[in-house]
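User: Could you take me through this structure? I am new to it.

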Amino acid sequence: MNREAIKTAAGRIHEGYQTYIRTFNELTSYAPIFFRDRDWSGMQLNHKRRLMLYKDQVNACRLLLKETLDKEVQSHAFWKETKEYYSWIITERKDKEVAETFFNSVIRKSYPVKGADPHIMFVHEGYDTCDIHPQEKLYHSYPSHWGLQKIIRSIVADFDFGVPYLNKEADVQFLVRAVREVILTRYVATEKTTTQVLKSVFYRNKAAYLIGRTFIGGKWMPFIIPFLNGPKGVFVDTLIFDPKIMAHLFSYTRSYFMVEVAIPSQMVSFLNSVITHKQIHELYNAIGFNKHGKTEFYRDFLNHIKLSDDQFIVAEGIKGMVMTVFTLPSYNIVFKLIKDYFEPPKTMTRQEVRDKYKMVGLHDRVGRMADTHEFEGFHLPLDRISTELMQELRNTVNSLLEIQDDELIIKHVYTERRMVPLNIYLENCSLEDAKQAVEEYGDAIIQLAKANIFPGDMMIKNFGVTRQKRLVFYDYDEIEFLTDMNFRRKPKPETYEQIYAAEPWYEIKPNDVFPEDFKRFMIGRADVRDHFFSYHAKLFNPDYWINIQNRIKAGEWIHALPYPNTIRFRPEEEV
């Protein structure tokens, strides 16, 4: 075996990773500047650049290896040795778990491996010990003997956003009152009470978030403080203690945070103690390391397969015309495959569908579109595939299937959080829950529109209900940018022939949309239809949609707060 070639390959991949993580950190460091300058368009473009960075760097690394190694890249034994040498190179890195994932990505693009090969990839962690890193650089600490006023003033003083405050003293008193009302009415501070706030600020869209926790009452009480930078200055918007709201801030339906992270595992460990409803892979996603989040998800999935024995089945709900969807009942994930053939009236290609998913991945999901992980060569135990599912797969996605020994190999698949389809939810829920659901349904459509997304197919079967009863859109094959659509009123017929015409008598272009027609398919449940039509009457008015278009075209970034307006300290303050 050519030892020099092995060292070269491992060194090239490590250099590629160093370039990636250095650029990743550089792009992340721009977020405070965009926040300071209220440059929301710049914030979004910078976020997209960071999202595209990983793939670009992996591809650059692949091309470099191809040029320098020649035939060695086709040797399994060569990559096995390279993995071992690379593992030695990154031993002292504080982000070695992310470096391992980068190696996996390069291997997948450089060597024709099917699935995850533990001999040449880090399918499981390449280390069996956990490094203990000093905590002093991770967070600020505020002892209880300082008193509440000093603690709050110190927290505010420790974070300088580079712009004047709207009213700093008012912010301090808002926070003091919130702590007294929510925490000190239930617990008594002692000498053991301490407060910790991460030094890194979490930026996303128009907000900056401080993440902290207070040890009181024998346990850690987490909190989040959102800051907004309005036309009149920066201000504290609220103080969040509700774990459901905190979990939603870190939801799979939201874009990743721009946050400076020195040691990813250390940051995730702290967040795991604060955002307790989230799994490790979700927290890696949230701080921008979504490719390693994918790795952690896959590891969790493999572990679940070993510990379970139920079979994969066709997912509940109306079967789609574009995607075949299946799930494992004991695992809260669905697997989505693009069909070989689309039923009429669908006319797009498989590549066009993949492009739609990429579009969603690069766009602000505003809490209303589900994040996905994309896999190639995904292996499943053949004996865990139900007979009904196998028949469905053979009928709809046969070109994506390969059977090898005792495994089913799926050439291309998306994974996504499982939700209850809205049509099924409405069939079984109470009237009160149904009213809330249809209100959420309309809110989801509106928030997507304000983020410049037109869902296209807005039938209720394409929306899911989460555990927190939020509505999320998950069918992306017909989404378009809102600004590309042409919202129209339906012309009124004036002649006998027009009134009784079997087909529209007026010209309809591909991107024409008639909001008046939405009523025909939106809500089928009779006892909530009128409530929905009344509550969201503006959805059926073309002028409403055109107004949103005009605001977006004028350069306005319409911010959707990820928490209720009712908990804001200044609900009237412009965002």
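This is a predicted model: local features need pLDDT of at least 70, side-chain atom pairs count only at pLDDT 80 or more; totals for chains, interfaces and linings use all residues.

Analyst: Residues are numbered from 1 along each chain as its sequence is written, and side-chain values use heavy atoms, with hydrogens and water left out.

User: How many cavities of 30 Å³ or more does a search of the whole structure find?

Analyst: The search finds seven. A cavity is a set of points on a 1 Å grid over the protein atoms alone where a 1.4 Å probe fits but cannot get out.

User: What space lies in the largest one?

Analyst: The largest cavity holds about 160 Å³, a volume being the space filled by probe spheres set on the points. Its lining residues (an atom within 4 Å of a point) include Tyr 252, Phe 297 and Asp 371. The elements α10 (280-286), β10 (372-375) and β14 (413-417) each give two or more residues to that lining; helices (H or I, at least four residues) and strands (E, at least two) are DSSP runs, numbered from the N terminus.

User: And helix α5, is it buried or exposed?

Analyst: Of the 15 residues of α5, 13 are buried, so the helix is largely enclosed by the rest of the structure. Buried means under 20% relative accessible area (1.4 Å probe, protein chains only).

User: How many disulfides are there?

Analyst: The count is zero, a disulfide being a pair of cysteine sulfur atoms within 2.5 Å. Cys 61 is buried at 3% relative accessible area, and Cys 429 counts as buried at 14%.

Methods: Buried means under 20% relative accessible area, exposed over 50%, partly exposed in between (1.4 Å probe, protein chains only). On a 1 Å grid over the protein atoms alone, a cavity is a set of points where a 1.4 Å probe fits but cannot get out, and a pocket is an open set with protein on both sides within 12 Å along at least five of seven lines; lining residues have an atom within 4 Å of a point.
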